Amino acid sequence: MRQFVSENFLPVKIHIKEQPKTFERFKAQWTPTQLILDSEGVERHRMEGFFPLEDFLAQLELGLAKLSFQKLQYREAEKHFRSLCQTYPASGAAPEACYWAGVSAYKVTNKPEPLGEAAKLLKEKYPDSEWTRKASVWLH
Amino acid sequence: MAEINWLKDADAALAQAKTAQKPILLDFSAAPM
């Protein structure tokens with residue numbers, strides 16, 4: 001975890017008693033809250049509440065994936081989304097990542113097949129997920 | 001294993017992120033530091 005954080009982020013810790021105004025500035029209303037900001041300071045992902053280690057690492061990967069996706073870097077986004085799906089399949093973030101991996105692949109190829117594949121995968125592995133319901137429109 | 005070198009100044013980190021082209025992980029905590 002330490003290595004992943006240090007390699008991928010500039011880590012900043014703000015304590016509520018020391019910097020309450022920074023909490024207000026970034027609209028942090030609960031602890032722990034973690035934000036992933038891009039290099040321009042734009043918030044790209046928000047995590048609220050405690051996450052067990054595997055879920056926390058999955059959330060960090062999800063944040064990196066969203067960061068790439070929102071910058072239209074779809075190949076990089078797909079890489080992060082798929083890495084999350086494969087490395088942390090039991091995490092709460094996995095179904096969302098599988099969904100967006102399909103979307104990212106579609107954005108790269110402009111072909112519908114990755115959407116269908118994502119929908120099948122979600123139906124098989126996460127039948128009760130809201131992301132499976134969202135992807136159901138891609139099944140033919 | 002090396003500890004995470006947590007920064008404590010959000011504005012300094014924002015400036016550093018812009019220069020280094022690196023994202024920021026901003027951790028808001030109430031736990032003892």
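Let's start with one pair of residues: Ile36(A) has His45(A), in strand E3 of chain A, as its bridge partner. This is a predicted model, in which local features need pLDDT of at least 70, side-chain atom pairs count only at pLDDT 80 or more, and totals for chains, interfaces and linings use all residues. Residues are numbered from 1 along each chain as its sequence is written, while chains are lettered from A and ligands numbered from 1 in the order in which they are written.

Strand E2 (residues 33-37) and strand E3 (residues 43-48) of chain A run antiparallel and pair over 5 bridges; strands pair if DSSP finds at least two bridges between them. Helices (H or I, at least four residues) and strands (E, at least two) are DSSP runs, numbered from the N terminus. The hairpin has 5 residues between its strands, and Gly41(A) takes a positive phi near 90° there.

Going from Thr31(A) to Pro32(A), the peptide bond is cis, with omega near -10°. Pro32(A) sits in the loop between helix H2 (20-25) and E2 of chain A. For background, most peptide bonds are trans, and most residues other than glycine have a negative phi.

Asn110(A), not a glycine, has a positive phi near 60°, and you'll find Asn110(A) in the loop between helix H5 (94-109) and helix H6 (113-125) of chain A. Asn110(A) counts as exposed because it has 6 C-beta neighbours inside 10 Å. The cut-offs are 20 or more other C-beta atoms within 10 Å for buried, 12 or fewer for exposed, and partly exposed in between, with C-beta atoms placed from the backbone. Over in chain B, Gln21(B) has a positive phi near 55°, in the loop between helix H1 (10-20) and strand E1 (24-29). Gln21(B) is exposed too, with 9 other C-beta atoms within 10 Å.

The axes of H5(A) and H6(A) come within 8 Å and cross at roughly 170°, so H5(A) is roughly antiparallel to H6(A). Axes are lines fitted to C-alpha atoms, for helices over the stretch in contact, with angles from 0 to 180 degrees between N-to-C directions; over 145 degrees counts as roughly antiparallel, under 35 as roughly parallel, 65 to 115 as roughly perpendicular and the rest as oblique. Among the residues that meet are Cys98(A) and Tyr106(A) from H5(A), and Leu115(A) and Leu122(A) from H6(A); contact means C-beta atoms, placed from the backbone, within 7 Å.

Conventions
Contact = placed C-beta atoms within 7 Å.
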